[in-house]
Amino acid sequence: MKNNKKFGFTLIELLIVVLIIAILMAYVIPNYRDYVLRSHRSEAQNALLQISGIQERFYANSNRYGTAAEINMSSLFPAPTAANNLHYTISMATTNTTYTITATAYGNQAADTDCQVYTLDNLGQKTPAGNCW
């Protein structure tokens, strides 16, 4: 007697495996993208807090807040480009007694609709409120 069993996968079995992989990928890819966007938020937070610290030191020495040029902001936080892989543009408005620092999402980070624009002022007020900070 011969054993006529054939080994291998049927087309139905292969289609089921492909379907399972497609379902998993449909769930995983958007969640990963959201995670990456949330992880880049710390870049904006760190920049705002660092500039705030620089401004407070400048105020302690000069009894006024410094302009972006005086605190050398452009070299500390250059404009984002594809080459430097930065995700936020940093800007600042100052008077002698106040400052407001703004970080605006750039490039792919603009898809982070919850936290596109961060601000921090001389009173320590942070926006947006909620889970962005």
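Because I12 has a relative accessibility of 55%, the residue counts as exposed; exposed means over 50% relative accessible area, buried under 20%, and partly exposed in between, with a 1.4 Å probe and protein chains only. I12 belongs to helix 1, residues 11-62. The model is predicted: local features need pLDDT of at least 70, side-chain atom pairs count only at pLDDT 80 or more, and totals for chains, interfaces and linings use all residues. Residues are numbered from 1 along each chain as its sequence is written, and side-chain values use heavy atoms, with hydrogens and water left out. Helices (H or I, at least four residues) and strands (E, at least two) are DSSP runs numbered from the N terminus.

**Surface of helix 1**

- I12, I16, I20 and L24 together make a nonpolar surface patch of about 390 Å².
- A patch consists of residues with over 30% relative accessible area and no salt bridge, with like charges joined within 9 Å and nonpolar side chains (Val, Leu, Ile, Met, Phe, Trp, Tyr) within 5 Å.
- A salt bridge is a side-chain nitrogen of Lys or Arg within 4 Å of a carboxyl oxygen of Asp or Glu.
- Accessible areas come from the Shrake-Rupley method with a 1.4 Å probe, and for residues only the protein chains shown count as cover.

**Strand pairing**

- Strand 1 (88-94) pairs with strand 2 in the antiparallel sense over seven bridges; two strands pair if DSSP finds at least two bridges between them.
- A hairpin of four residues connects strand 1 to strand 2, and S91 stands opposite T102 in strand 2.
- Strand 2 also pairs with strand 3 (residues 117-121) in the antiparallel sense, here over five bridges.
- T102 stands opposite T119 in strand 3, while the bridge partner of T100 in strand 3 is D121.
- Strand 3 and strand 4 pair in the antiparallel sense over two bridges, and T127 in strand 4 is the bridge partner of T119.
- Four residues lie between strand 3 and strand 4 in their hairpin, where G124 in the turn has a positive phi of about 85 degrees.

**Buried interior**

- Strand 2 (residues 99-105) is mostly covered, with five of its seven residues buried.
- Strand 3 is likewise mostly covered, as four of its five residues are buried.
- The largest nonpolar core has 21 residues, and I51, I90 and Y118 are those with the most contacts inside it.
- Helix 1, strand 1, strand 2 and strand 3 each supply at least two residues of this core, and helix 1 gives the largest share, six residues.
- A nonpolar core is a set of buried Ala, Val, Leu, Ile, Met, Phe, Trp, Tyr and Cys residues joined through side-chain atoms within 4.5 Å.
- Apart from its neighbours within four places in sequence, I90 is in contact (heavy atoms within 4.5 Å) with A47, I51, M73, F77, I101, T102 and A103.

**Backbone features in loops and segments**

- N63 has a positive phi of about 60 degrees although it is not a glycine; N63 lies in the loop between helix 1 and helix 2 (73-76).
- With a relative accessible area of 59%, N63 is exposed.
- N85, which is not a glycine, has a positive phi of about 60 degrees and is placed in the loop between helix 2 and strand 1.
- N85 is exposed, its relative accessible area being 57%.
- The peptide bond from T127 to P128 is cis, with omega near 0 degrees, and P128 is in the segment after strand 4 (126-127).
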